[in-house]
Amino acid sequence: MPPIKLIVASLLLPLATAAWAQPDVTAVTAERMQAFPAMQAVENADAYQPAERVRGQPRVLIRAQRPRITAAALAEAQAYADEQKSFAFLVLQDGKLVHERYATGFDQHNRFSPASMHKTVMALAVGAAGLDIDAPVSRWLPEWRGDPRGAITLRHLLTMSSGLETPSFSPDPAGLSAQLFFGPDIAATALSYKLVAAPGSIFSYSNGNSQLAGLILERATGMRYADLLSAKIWRPMRGDDASVWLDRPGGTAHTFCCLQATARDWARIGQLILDGGKVGRRQVVPRKWIAEMAAPAATNPNYGLQLWLGTPYSAERRYSASSALVAKAARPFAREGVLFLDGAVGQRMYVIPSEKLVIVRIGQSSMTWDDSELPNRV
């Protein structure tokens, strides 16, 4: 089994251990954990098996002829991306590609899996599907009817304020966190999370919240997640084919992580947010929903609906009160209103509305990542 430090560095935020699991489930989980190439979790899309295709309908990204960003600024930003061992670094402005650089061995056709950046995509799909996020989740989760957890709302899940436990990572294959990543029934695992605080009372970033939201999305629409993502987001935004990781053949998609897509398609997601949910003349996601995603949650001014907010400035952004893991920013963002997608240990996509900018960085795990560097240099 890969060392715990490698798993933590390559996957997501720490989750938690629980001592239940049937022996056969535990054995399958242990086998998958052992086989997973932790050191190549971001760049090795083929590691996420079984997978289900998200069908796209690609279009060409137009290159800017006269970029408004200086060559010197882009060179300075590229230097930081290189220092942090980035695989891909892209900048879009005014909807056009002004910078695109890949490390040796990578190009525009490589699919990457930048961990929790998938959470924001899932939230876009929730908005496109038109779900009532203030309804109790018991509407879609009969397993929780008559249970205090049934009073949690979809909004609580999307703002990471459900009150459900936030496990820390454990290498124990019988543990809750390992089961959510590698187990053969991740829906059952997510539904087993315990309520430890009143819904809406505290912010606590947990993969279980996003997995439950994705499960609700499937049940509410009656569609498989990959098909829904294709119909509501991927084909309308004209992305290349992507894929999602399943817990077993024909099973449940991971919706808290593990969407494999090209760097250009991650940039297209940013452009969709920047353009208020529009692609050309088509309103793909309601503009009101994009605004709601970007509004601060009652429990955290730096978090919306599965989307991080750069204002107000926070030098050390915490994921939960119980987690020692923090994301650092040495300086405030140079512009107000920055929105960003955060994938574990340095996977990032920044949306800067005032400058009509989208910035994507995908690369090796970086424990020294500084959120202010890349966007401020650009």
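C258 is buried, as its relative accessible area is 2%; buried here means under 20% relative accessible area, exposed means over 50%, and partly exposed covers the range in between, with a 1.4 Å probe and protein chains only. C257 counts as buried too, at 0% relative accessibility. The model is predicted, so local features need pLDDT of at least 70 and side-chain atom pairs count only at pLDDT 80 or more, while totals for chains, interfaces and linings use all residues. Residues are numbered from 1 along each chain as its sequence is written, and side-chain values use heavy atoms, with hydrogens and water left out.

What links C257 and C258? The two form a disulfide, with their sulfur atoms 2.0 Å apart; the cut-off for a disulfide is a pair of cysteine sulfur atoms within 2.5 Å. A disulfide is a covalent bond between the sulfur atoms of two cysteines. The structure holds one disulfide, and the link of C257 and C258 is left-handed, with -75° about the S-S bond.

Helix 10 covers residues 263–274. Helices (H or I, at least four residues) and strands (E, at least two) are DSSP runs, numbered from the N terminus. The expected span of a helix is 1.5 Å times one less than its number of residues. Helix 10 is mostly covered, as 12 of its 12 residues are buried; among them are R264, D265, W266 and R268. Just after helix 10 comes G276, which takes a positive phi of about 65°.

Attention now turns to a pair of helices. Helix 4 (residues 117–129) packs against helix 9 (residues 225–234) at an angle of about 75°, their axes 10 Å apart. Axes are lines fitted to C-alpha atoms, for helices over the stretch in contact, and angles run from 0 to 180 degrees between N-to-C directions. Helix 4 is therefore roughly perpendicular to helix 9, a label for angles of 65 to 115 degrees; under 35 counts as roughly parallel, over 145 as roughly antiparallel and the rest as oblique. Helix 4 contributes H118, V121, M122, L124, A125, A128 and A129 to the contact, and helix 9 contributes Y225, L229, K232, I233 and W234, where contact means heavy atoms within 4.5 Å.

Finally, S320 lies in the loop between strand 10 (316–318) and strand 11 (326–328). S320 counts as buried, at 5% relative accessibility. Leaving aside neighbours within four places in sequence, S320 is in contact with T166, F203, S204 and Y205.
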